Amino acid sequence: MTTKLTTLVFAFIGSGAGLLHADLLIHDNFSYPDGDLAGSGGSGWTTAWQGTNPVIVTSPGLSFSDSIGNTLVTSGSALDTADGGAATTISSREVGDHNGEAWISMLIQPQGNFTDFIGVSFYDNGLANADARFAIEHAGGKNLRLARRAGGLVNSAAYTTTIGAPVLAVIHLVPDGGGGDPALDRLDVYFNPALDFEPGAPHGSLSIDGLQFDRIRVAAQNGRSTLVDEIRIGQTFADVTPYVPATDPDTDGDGLTDSQEETLGLDPFFPDTQFIAAVRANPGLFGIHSANEIFDARLRRPSISLSGTPSYSVDLVKPDGAVIDTITEPIPAPPARLFLRTHLATP
C-alpha cells in the first residue's frame, strides 16, 4: 500500500499528464478494512456497497504499467470475488443515472481458469437478469471479454491474459456509434492500452440499444476468484487513466529505451525491431559473438602445490564440469623475517 500511495503523491506533483481530471465522475480504490466489502468510500457514488454474500477486500491493491513504462495511479486495496466459500459472491453499488458518452476503467487480475461467471457488470434500475446492460467478464477461462446483455447476449473476442497479471480494461460508451436506422449506440473495449494518449482501434466493439446504467455489480459464481481494483468513470479517456510518466520510456516498443536509441543514433519514434532481429540472427557480420558462442563459467576451488616451485592453480569450468582452462601461477617466496631485540633501560 505504501508504494501505491507514493505513486499517487508523485502523480500530483509530477507531469500534468498524470493528474486526476475534474471530469472524473466515479472512483473507488477500495480503501476499506480487509474482509467483507462494506462502506461508502471513493467518490461520486450515491449509495454504499451492498450484498448479502459480499466479495472481500484484500491488500495490497493492483498496479499497472503500459508497454513504455507509464504507471497507472493506484492506491488502497483491491477486491477478491472469492470469500473462501462455494456460494456465489455479489456486491453492488449505485452510481446515479448515466446515459451518454462515458469512459470506464478497471483493473482485473484473473486468478484461475473458471467456466463460472466472474465479472464486473453494469445494470439499470435493479439487479435482475433483465436489468443487466454490459460487463467485463471471464471468457470461459482466464481470458477476458466485453459482454453485452441488453437486447440479447453478445460477446467480444476474448483478450488473452496471464493468471496473476493485472489487466487494465477500458470501455468507451459511444452514442449513435453502432450504425443502423435509427442508429444504435456502441461499446468499445480496450485492454492494456498505452496511458499517454487516447487509443485508436479497440479490441472489440458491440452495438447496443441505449447506454443507460445506474449501478455496478462485482460478482463470481460459486465463489470463484478474480481481483478487481480502481473502478473509474469519467468523460474522457484521460479521466479514467491518470498516470505517472515513464522516466525512460520505450516509445516505439522495440525493446530499446528512448535514451538507448539516442545513444545509438536511432529514432526513438520508429521501431527498429527488424534491425535488432537481423543483428541477433547474424552476429558475426557485426563482430559480435552469438549466444551459442558464449557460455557461463565458474572458478573451481584453487589448489596449492608446495613441491618444487610453490604455485597455485584454478580451473575455469562450464556448468557441466568440463574444464575450459587451467590457470597456474607461482607463489612468490616470502621475504626474510626480521627479528628485533629490545633493551629497556632499568635503574
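1. **Ground rules.** This is a predicted model, in which local features need pLDDT of at least 70 and side-chain atom pairs count only at pLDDT 80 or more, while totals for chains, interfaces and linings use all residues. Residues are numbered from 1 along each chain as its sequence is written, and side-chain values use heavy atoms, with hydrogens and water left out.

2. **Overall picture.** The protein chain holds four helices and 21 strands; these are DSSP runs (H or I of at least four residues for helices, E of at least two for strands), numbered from the N terminus. Of its 347 residues, 43% are buried. Buried means under 20% relative accessible area, exposed means over 50%, and partly exposed lies in between (1.4 Å probe, protein chains only). The accessible surface comes to about 18,300 Å², with 54% of that belonging to carbon and sulfur atoms; areas come from the Shrake-Rupley method with a 1.4 Å probe, and for residues only the protein chains shown count as cover. Taking contacts between residues at least 6 apart in sequence, 60% join residues at least 24 apart, a contact being heavy atoms within 4.5 Å.

3. **The open sheet.** Six strands make an open sheet with antiparallel pairing, in the order S6-S15-S8-S9-S10-S11. Two strands pair if DSSP finds at least two bridges between them. At the edges are strand S6 (89-98) and strand S11 (154-155), each pairing on one side only. Strand S6 runs antiparallel to strand S15 (residues 213-220), and seven bridges join the two.

4. Strand S1 (residues 24-28) is largely enclosed by the rest of the structure, because four of its five residues are buried. Four bridges join S1 to strand S16 (residues 226-234), again antiparallel, and Ile 26 has Ile 233 as its bridge partner in S16. The side chain of Asp 28 also meets that of Arg 93 in a salt bridge (2.9 Å, N to O). Since Arg 93 lies in strand S6 and Asp 28 in strand S1, the pair ties together parts that are 65 residues apart in sequence. Asp 28 is buried at 0% relative accessibility, and Arg 93 is buried at 3%.

5. **Further salt bridges.** A search of the whole structure finds eight salt bridges. One of them joins Glu 230 and Arg 232 (3.4 Å, N to O); Glu 230 is buried, with a relative accessible area of 1%, and Arg 232 is buried at 2%. Another links Arg 145 to Glu 137, with the closest N and O atoms 2.9 Å apart, and both of these residues are buried.

6. **Around Asn 143.** Asn 143 sits in the loop between strand S9 (132-138) and strand S10 (144-148), where it is partly exposed at 22% relative accessible area. Leaving out residues up to four places away in sequence, Asn 143 touches Glu 137, His 138, Ala 158, Tyr 159, Thr 160 and Thr 161. The C-alpha atoms of Asn 143 and Thr 160 are 5.0 Å apart, although the two residues are separated by 17 residues along the chain.

7. **Nonpolar cores.** The largest nonpolar core has 37 residues, and those with the most contacts inside it are Ile 104, Met 106, Val 120, Phe 122, Phe 134, Ile 136 and Ile 171. Such a core is a set of buried Ala, Val, Leu, Ile, Met, Phe, Trp, Tyr and Cys residues joined through side-chain atoms within 4.5 Å. Strand S12 (residues 167-179) gives the most to this core, with four residues. A second, separate core has 15 residues, including Leu 72, Leu 227, Phe 237 and Val 240. Beyond its neighbours within four places in sequence, Val 120 is in contact with several residues, among them Met 106, Phe 134, Ile 136, Ile 216 and Val 228.

8. Phe 275, Leu 285, Phe 286 and Ile 288 make a nonpolar surface patch of about 440 Å². Patches are made of residues with over 30% relative accessible area and no salt bridge, like charges being joined within 9 Å and nonpolar side chains (Val, Leu, Ile, Met, Phe, Trp, Tyr) within 5 Å. Phe 275 belongs to helix H4 (residues 273-281) and is partly exposed, at 46% relative accessibility.

Notes:
A salt bridge is a side-chain nitrogen of Lys or Arg within 4 Å of a carboxyl oxygen of Asp or Glu.
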